[in-house]
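This report covers side-chain packing and solvent accessibility in one protein model. The sequence and structure come first.

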Amino acid sequence: MRLIPKKFAALAKLASTDKSRGAYTGIYYQPGPGGVTTLAATNGKALIEVTLPEGCSPSDFPDHPAIDKSKPDVNAVIPATAWTAAHAAFKTIAKKSPVTDCLAVQTDTDPNGTGPVTLARTDLETWVVSTPTAMGPCAKYQDILNRVTRGADDPRKTRGVTIYLDAHLLISVLNVMAALGNTVQGFFPIRLDVSRDAMNPIRLTALGQDGEHISCLVMPMRGQAIKTEPDLPAPAPERKEEPHAGATTGAGDVLAGPGVEPAQGPLPGDAQQSA
């Protein structure tokens, strides 16, 4: 069992609402060693990953028949609708201690990633408990992050690149990051990395309010039909990137490659990234 602070309800805002996209409509939950928990969500166009250090100890959470603290947690994809509904209990339960400000999550899935997930909240007197069914194997999103952001950490590959972003998509990502991030002296600093390969997504990273590492990916727009305002300065000729042979107008898909719809199913990690 892990205790997840209520602010992480915001992750559901970046999950897909298209039911045909399978596990993209869920929250990826990955308990790790040392109490570290990783959460992620994607709508196919943007992806957010948050790594949480252990906060409140599960041993401090009250006992409940629906929760077996002796069971080890396993990876699961939790339906975003159930995630949102469970967090909605925070509106009716008063905070009395740190553990009452957290959502208890326990997974009991089989090797195929299906099975019950227990989401519980208490004010030490009353309980709100739900048991949604996991949506299949947890996506190997860490592999995706490493692959599609190749070169982003190399400063020699982050200069002279012109990219176009969907402002609405970027705003939605920034809103989620702002809800989770750490404000310092009135500012919320984020780091922006752009690969020299303009076909790759940009990466935004920041620190959370409690030391969490937040990493987001946003796919650029592509295609000759992209229009900009006439008063925007044109990029210098030597910095202009040649269009990709298979590029399409609109945002590509973070988990499936530029301009390609992902395979239907719960394994974004199996999608192929374009070279």
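Does Gly22 count as buried, partly exposed or exposed, and why? In this predicted model, Gly22 has a relative accessibility of 22% and therefore counts as partly exposed, since buried means under 20% and exposed over 50%. Gly22 sits in the loop that runs between β1 (2-5) and β2 (26-31). Its C-alpha atom is 7.6 Å from that of Met135, although 113 residues separate Gly22 and Met135 along the chain.

| Residue | Relative accessibility | Class |
|---|---|---|
| Gly22 | 22% | partly exposed |
| Phe61 | 2% | buried |
| Trp127 | 29% | partly exposed |

One aromatic pair is present in the structure. Phe61 and Trp127 make up this pair in an edge-to-face arrangement, with 5.6 Å from centre to centre and 80° between the planes. Phe61 belongs to the loop between β4 (46-52) and β5 (76-79), and Trp127 to strand β8 (residues 127-130), so the pair ties together parts 66 residues apart in sequence.

The largest nonpolar core has 40 residues, and the members touching the most others are Phe8, Ile48, Trp83 and Val105. Helix α3 (residues 167-180) supplies the largest share of this core, five residues. Another core, of eight residues, lies apart from it and includes Met1, Leu3, Phe61 and Ile67.

When neighbours within four places in sequence are left aside, the contacts of Val105 are Met1, Arg2, Ile4, Tyr29, Asp73, Ile78, Trp83, Val117, Thr118 and Leu119.

Conventions. Residues are numbered from 1 along each chain as its sequence is written. This is a predicted model: local features need pLDDT of at least 70, side-chain atom pairs count only at pLDDT 80 or more; totals for chains, interfaces and linings use all residues. Side-chain values use heavy atoms; hydrogens and water are left out. Rings of Phe, Tyr and Trp (its six-membered ring) pair if their centres lie within 6.5 Å; planes under 30 degrees apart count as stacked, over 60 as edge-to-face and the rest as tilted. Helices (H or I, at least four residues) and strands (E, at least two) are DSSP runs, numbered from the N terminus. Buried means under 20% relative accessible area, exposed over 50%, partly exposed in between (1.4 Å probe, protein chains only). A nonpolar core is a set of buried Ala, Val, Leu, Ile, Met, Phe, Trp, Tyr and Cys residues joined through side-chain atoms within 4.5 Å. Contact means heavy atoms within 4.5 Å.
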